[in-house]
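Student: I'd like a close look at one spot here, please. Take me through the packing, who touches whom, and the cut-offs behind the words.

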Amino acid sequence: MSEQSGSPPTERERTELPIERGFPIERVNEIAEKEGRAKMYYRPIYTMHKWWARRLGCVFRAISLYTLLDDPEKVEVYEPGQDNETLADWGDETQTDIASLIDRVDMSDPESLWELYPKDVRVEDKKILDPFMGGGTSLVEASRFGAEVVGNDLNPVAWFVTKKELEAGQTDVEELEAAFEQIKEDVADEITQYYKTPCPNGDHEADVMYNFWVKELDCVSCGHTVPLFRDYRVAAGRYENDDKYNVHCPDCGAVTLVDDWQSESVCDDCGHGFAPKEGNVSRGGKYNCPDCGQKYAITDAIQEQGGYDTRLYAVEYYCGHCDEAGEEKSSHKGYKQAEKADIELFEEAQREWRENEELHDYVPDEKIPEGAITAASSVSGNDVFQHKYEDWTDMFNERQLVCHSKLLSSISDVSDQNIQEYLLLAFTGMLRTNTMMVGYDQGYNKIINIFKNNSFDPPQTPCEGNVWGAEFGRGTFQSIIDLVKSGIEYAGEPTERYVQDGETVETAGFSKPIGEDITLHQGDMRRLDFEDEFDAVITDPPYYDNIIYSEVSDYFYVWQKILLEDRYSGFGQDKTPRTESIVTNPYLEKTVEDFESELGQAFSVIKRALKDDGSLTFTYHHSDSESWGELLESLCNVGFEVTATYPITADINKFIGGEAVSFDIVVVARPIDETEPASWNSLRRDIYRTARRTRKQLEENRDLSRGDIGVMEMGACFREYSKHHGKVQRDGEIMSAKEVVQEIYGIIQEASDIGVEDVFIDLLDSNNPSFDDVNKLCRGTNATPEELKEMRLYNQDDGFELGTWDNEKRQAYIQERTNGDSDDHLSNLDKLQFLRYRYEKGQSVQNYVDKWGVDDDLRELAGRLSDATGDDTYTRVLGDRDITSY
């Protein structure tokens, strides 16, 4: 921006924050990649209970570090593990050089402040708000800096989870352990008695880890009982049988080992021949009757028959007796057919459930509400009501209800309210796996959790886990209690993990615990009445419809409500709030336009809550130029200017199956008093210069991908536009933010000579490339995701696939063009992949090489493809006659 068109004269003088000048995305991402795979080791506080789309702690720690440190006079730095003494007390120059560390942060080199990332940093007089706190990551990380934190969420489950995270630093883990031992003495034996099975190795009992069930229907044509097996796999083999598969014999019911579950096999017990891959359920949700061949929609049959039956057919067990006796692992831990004793034990639990009315006080009595996820929709594709789930208790069998109610009743007897609530947290965390709404992952030999796809997907072969837990097993009450304990221990003395010279290093414990100065609100954030109060808002606002939090969280809410409804006002309804949620929801007819309007209202509340020189920093799930334009419009309309944007690592698991939302960004914005008029022609020149200058600066000084640079270019250009929002004229008309964003895209692409081939080679160089990478790498180039898709350089028909030379869809595209009237429309990439394909098939390539000719561009591209793939055939087909004359 030229001097003349700089900041508006009405804008207040304010300190430029480090995060506005630079952000060390390289350092953050190298930690995020590791933390995302091992959250329970990096920050166990966030694994105490499920919350959806939870941001990584390292991202928000870095955001806090670069947002809160603006005044070196109000910063103290402590060495972890050094008894609360500052670095200055130890003669460390870092303490006296904080001003320099802050001042040296810029776009070219933001890493000076990164030196403080693993230090116990404290700031004075900072008050932080997160009005969309969700799982509480922003508040937990800001509280570690000594900031006063205020949070809000509409959802009572989010409020409760965050409350317990922030109270963990003031909780004695020994008190929790003592309460757990009391519950163990009270009900553990009563629960575990229902998870015993005759050991196959002798006259004694083993512990059940998992019970395997199958739903059954009567064929509508012949009345034959049809077990709804998609295939007959039980689990992968273990130990000396790890190259085999445990399968269920459909004739005698035995669990038998086979070499290949996809080939014809013979049962060891009865000699029956069958193909384990061929079950009775086909794609499209139909059963295939093995007796008469009738095919019929499963949900239709369920509706007509008023439900379905379930049959216990197999058990996974662990025998401590055999383990201590030195038996082989495959003997004391394995799979077997369900026996009469197993069925009788379940029937005993059924009787207890029918006869003990007191137990019913400790299970939900609410019905499942209809909604975008629970009823058939584009969001989930499932309808639990078609599967005859009407009450929340329908998602559990009678044995689970007996065990859950006994456990919750015992928890309710704990007198210490704080400790009782941590036990409740463990209890509802356990419900992710202890339900008949989950199956078993046969390839990994473990139970699946109910929110693997952030939806309710009724399985045909449910897996029932051991509620209390055996020596082994996933998602048991014992194992979840351990997660809660780890979170509390961490909160009292948190550590930090970072990467140094390629190795992960963990600090000693920080002396400042998590929490201490906190205030939490539960309700619609648009009703918050703060004004000129907060130094910063750090948040992760909702994004369209990627998760309908209210519906999925009801699963936990109805159980938590049993103990909390008389304690906290947010737990007094039958379900969590719906209409106030800022999200698109087709079931409630809440549209994209509603979302944009309500998000604008939220930004207005945030601006009012901020001090005059405050800042708003938030993460956002960005997908396309339309999304950028809507976001920029919402922010600028209420008086913010965007001052920076940065790409960060995304956690793709948070999205509903297959949803193509691209990478995450950090957006930084500041309140602006007034914008200045500008003509589009003059602003366009400024934006063009800004884009070129930003790209040059980043390319010369940072080791960033082109996609990362493109995002930061966009942020710099937005900053230029923000100062003139609502006053940019073109041909006598005021341009909207959406129009300007489209123009900025074009300007950045103009400033770039990077095209489709460059982006494709970057994708080849990427580890496990995804649609996110396509979107990200196209930023700031002449290529678009749509262009790559049209050329079949990627497709998402059956999961993400790159259009490599051996990709069927890519080859079909090239063949069609090669067989056309002219070769003019063939790109160099088309030609090289076509030649590579013909070579692989043993077909002549020389006639095509002669016809097309070999110029420097083709040779250079062949070399780049060879380097990216390690396949020198690309270069040899252009020059080695022994090969090309094949």
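Tutor: Start with helix 25 (residues 808–818) and helix 26 (residues 828–840): their axes come within 10 Å and cross at roughly 105°. Helices here are DSSP runs of H or I, at least four residues long, numbered from the N terminus; axes are lines fitted to C-alpha atoms over the stretch in contact, and angles run from 0 to 180 degrees between N-to-C directions. So helix 25 and helix 26 are roughly perpendicular, a label for 65 to 115 degrees, with under 35 roughly parallel, over 145 roughly antiparallel and the rest oblique. Helix 25 brings Arg-810, Gln-811, Tyr-813, Ile-814, Gln-815, Arg-817 and Thr-818 to the contact, and helix 26 brings Leu-829, Asp-830, Gln-833, Phe-834 and Tyr-837 (contact is heavy atoms within 4.5 Å). By class, that's 5 nonpolar, 4 polar and 3 charged, where Ala, Val, Leu, Ile, Met, Phe, Trp, Tyr, Cys and Pro are nonpolar, Asp, Glu, Lys and Arg charged, and the others, Gly among them, polar.

This is a predicted model, where local features need pLDDT of at least 70 and side-chain atom pairs pLDDT 80 or more, while totals for chains, interfaces and linings use all residues. Residues are numbered from 1 along each chain as its sequence is written, and side-chain values use heavy atoms, leaving out hydrogens and water.

Terms used
Helices (H or I, at least four residues) and strands (E, at least two) are DSSP runs, numbered from the N terminus.
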